[in-house]
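Some notes on this model, point by point. Please read them beside the coordinates.

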Amino acid sequence: MDIYIWLLIATILIAGSNAFVTFRRRNYPGAKIIFLLMLAVAVYAFGYIFEIISKSLEIKLIWYSIEYFGIAFFPFLWFFFALEFSDRDKLIINKKIYIFAVIPVITIIMVWTNRYHGLMLKDISIAAGAIHEITKTPGAWYYINIIYSYLLTAAGSVLLISTVVNLPSPHVRQGITMSIGALIPIVGSILYVFKLTPIKNFDLTPVSLAISGIILSWSIFKLKALQVAPIARAKVFDSIEDAVIVINHESKIIDLNLRTQSMFDTEASEEIGQDIDLFFKIHNIDIRVSDLIKSRKSELVFESGRTRLYYSIRSTPFEKK
């Protein structure tokens, strides 16, 4: 079996495994979208394998059309993911994001009905050489979809990278990882479009998408990339004179403002990821997060040297809807 087939099989296994893991952890921010992205990649790679190995042009066209269930929706899902990460999610909240799914739906219809209008593909034949994919002359809608897909993918990547640039220093590692994940699919697609791939006529896009999915999943589950500052910092943080600590659903610290760092003589980079109850214990604060969840408000006596300070503690749950 040729190496490019093995690469596509590996891509399906990677994307499938990633989809399985993200589905099991679907309560994590961003996990549901990564799950759908990986399904799109798996469908793309699966269809591409059978497009290559099928003998007749008619069967190749069927598998080519199946690929588009992944190809057409990936840019939309990528843009959705970028909006979620960058906290520019008004389009998601008010459902207007689904306007961007109209072109992918039309594209799939155009692919499956191409024999009647030729707006997607023309002059279709089987490529000569090692990889027997279909060759074609693009129709008018093909170019519309390509332009739309690149614009949406580029917009998503710009959103991710611009968010990374503005992240505070404790979160730079998460941000850089997300940026790398954002750029890999674009590089893979450009190499294929401009025929710069190591294997002639081999579409590296599904392979690069699977690699990107691994990086994004790692950043979500290990680096907690979608549980960091973009959600809270832009809304409540460094302009507030009160001490503010943000925790996630696992009671792990995901951010703390400058007043908190000054009050406890610590750095955000040292505390992020730590259990909040352990934080309280280390700083001799006799309270547990479960007490705050029950009462929402509590009084605290904090001794700093010979000074006794009295604080009122409030807990406020928030989530994206």
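1. Strand 3 and strand 4 form a hairpin, with five residues between them. In the turn, Ser 251 has a positive phi of about 65°. The model is predicted: local features need pLDDT of at least 70, side-chain atom pairs count only at pLDDT 80 or more, and totals for chains, interfaces and linings use all residues. Residues are numbered from 1 along each chain as its sequence is written, and side-chain values use heavy atoms, without hydrogens and water.

2. Ile 247 has Ile 253 of strand 4 as its bridge partner. Strands (E, at least two residues) and helices (H or I, at least four) are DSSP runs, numbered from the N terminus.

3. Helix 1 (residues 3-24) packs on helix 2 (residues 31-53) at about 160°, axes 8 Å apart. Axes are lines fitted to C-alpha atoms, for helices over the stretch in contact; angles run from 0 to 180 degrees between N-to-C directions. The pair is therefore roughly antiparallel (over 145 degrees). The residues of this contact divide into 21 nonpolar, three polar and no charged (nonpolar: Ala, Val, Leu, Ile, Met, Phe, Trp, Tyr, Cys, Pro; charged: Asp, Glu, Lys, Arg; polar: the others, Gly among them).

4. Helix 3 (residues 57-71) and helix 6 (residues 102-112) pack at about 175°, axes 9 Å apart. So helix 3 is roughly antiparallel to helix 6. Residues in contact (heavy atoms within 4.5 Å) include Ile 62 and Phe 69 of helix 3 and Trp 112 of helix 6. The contact residues divide into seven nonpolar, two polar and no charged.

Key. Parallel < 35°, antiparallel > 145°, perpendicular 65-115°, else oblique. Pairing = 2+ DSSP bridges.
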